[in-house]
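Biologist: I have not looked at this one before. Can you put it on screen and walk me through the main points?

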Amino acid sequence: MNSKPVVLDYPDADLTLYPGWLTEPLATQWQRQIVAQTAWQQPVLKLFGKEHPTPRLVAWHGDEGASYRYSGHTHQPMPWTSVLEAMRERLQATINHPLNSVLLNLYRDGRDSMGWHSDDEPELGTQPVIASVSLGASRRLDLRRKGQKRIEHSVQLEHGSLLVMRGPTQHHWQHQVAKTQRCNTPRLNLTFRLINSPL
Ligand SMILES: O=C(O)CCC(=O)C(=O)O
Ligand SMILES: [Mn+2]
């Protein structure tokens, strides 16, 4: 690891940022390999009869049986690739916590985004540990309290960084990655999770 973890001291949250979790060369190599090896999908969400393509590309990998519900569907994970498995092992050693699945998000440029949400699906349990690895373009993660509109905190997620969210964070806070005009290169984000009770 390049640099020391930074505890982000926000109330009702438990957030730790590891800025240089991966060295630059390894982060670049893993980004290239994962982007090339992934069967990317762009699910279409139907809302009030209108179809909305997800504004980014996604994929879901994990242990067999670690199925996950999002966007109204149950998704079966793709198997671990050697790079994803290597990243999972390194993460488990860093955070001392098991992880059995990973959601991959590819933001092709600043027009891709992720709307406000919490990672609070029932299968993640009440105090989920979410280990979020960022590769490629730096993007800003915003945080607001549930039920509020005002952004209270923003964290810049740089190439090779790791953000660990645990404890009450998902219960009290939402996060987003907003669109931006200041980014024209891709960013790959991987959120590793532990699915407690496979459906
Ligand atoms: O891209 C990010 O940094 C956030 C991803 C995220 O919130 C998620 O996968 O649930
Ligand atoms: Mn999330």
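Modeller: One term to begin with: buried means under 20% relative accessible area. By that cut-off, both Asp 119 and His 175 are buried. Bear in mind that this is a predicted model.

Biologist: Which residues coordinate the manganese ion (ligand 2)?

Modeller: The manganese ion (ligand 2) is held by NE2 of His 117, by OD atoms of Asp 119 and by NE2 of His 175, at 2.1 to 2.6 Å. Along the chain, these donors follow the spacing H-x1-D-x55-H. Asp 119 sits in the loop between β9 (114–117) and β10 (130–136), while His 175 belongs to strand β14 (residues 173–177), so the pair links distant parts of the chain, 56 residues apart.

Biologist: And what is the geometry of the manganese ion (ligand 2) site?

Modeller: Irregular, with 6 donor atoms and angles of 51 to 162 degrees among them. Six donors count as octahedral if opposite donors are over 155 degrees apart and all others between 65 and 115.

Biologist: What else is in the loop between β9 and β10?

Modeller: Glu 123 lies there.

Biologist: Is Glu 123 buried or exposed?

Modeller: Glu 123 has 5% relative accessibility, so this residue counts as buried. From C-alpha to C-alpha, Glu 123 is 9.3 Å from Ala 66, and the two are 57 residues apart in sequence.

Biologist: Changing topic. How many aromatic pairs are there in the whole structure?

Modeller: A search of the whole structure gives 1. That pair is Trp 80 with Phe 192, and the rings are stacked, with 6.2 Å centre to centre and 10 degrees between the planes.

Biologist: Where do Trp 80 and Phe 192 lie?

Modeller: Trp 80 is in the loop between β7 (73–75) and α2 (82–95), and Phe 192 is in strand β15 (residues 187–193), so the pair ties together parts that are 112 residues apart in sequence. Trp 80 and Phe 192 are both buried.

Biologist: Now the overall fold. How many helices and strands are there?

Modeller: The protein has 3 helices and 15 strands. Among contacts between residues at least 6 apart in sequence, 73% join residues at least 24 apart.

Biologist: What about the overall dimensions?

Modeller: The C-alpha trace spans about 50 × 40 × 35 Å along its principal axes. The radius of gyration is 16 Å, which agrees with the value near 16 Å for a compact globule of 199 residues.

Biologist: How much of the protein is buried?

Modeller: Of the 199 residues, 49% count as buried. The protein exposes about 10100 Å², and carbon and sulfur atoms supply 51% of that area.

Notes: Residues are numbered from 1 along each chain as its sequence is written. Chains are lettered from A and ligands numbered from 1 in the order in which they are written. This is a predicted model: local features need pLDDT of at least 70, side-chain atom pairs count only at pLDDT 80 or more; totals for chains, interfaces and linings use all residues. Side-chain values use heavy atoms; hydrogens and water are left out. Donors are N, O and S atoms within 2.8 Å of the metal (3.2 Å for Na, K and Ca); water is not among the atoms, so sites may look incomplete. Four donors count as tetrahedral if all angles lie between 85 and 135 degrees; four count as square planar and six as octahedral if opposite donors are over 155 degrees apart and all others between 65 and 115; anything else is irregular. Helices (H or I, at least four residues) and strands (E, at least two) are DSSP runs, numbered from the N terminus. Buried means under 20% relative accessible area, exposed over 50%, partly exposed in between (1.4 Å probe, protein chains only). Rings of Phe, Tyr and Trp (its six-membered ring) pair if their centres lie within 6.5 Å; planes under 30 degrees apart count as stacked, over 60 as edge-to-face and the rest as tilted. The radius of gyration is taken over C-alpha atoms; the globule rule is 2.2 Å times the number of residues to the power 0.38. Contact means heavy atoms within 4.5 Å. Accessible areas come from the Shrake-Rupley method with a 1.4 Å probe; for residues, only the protein chains shown count as cover.
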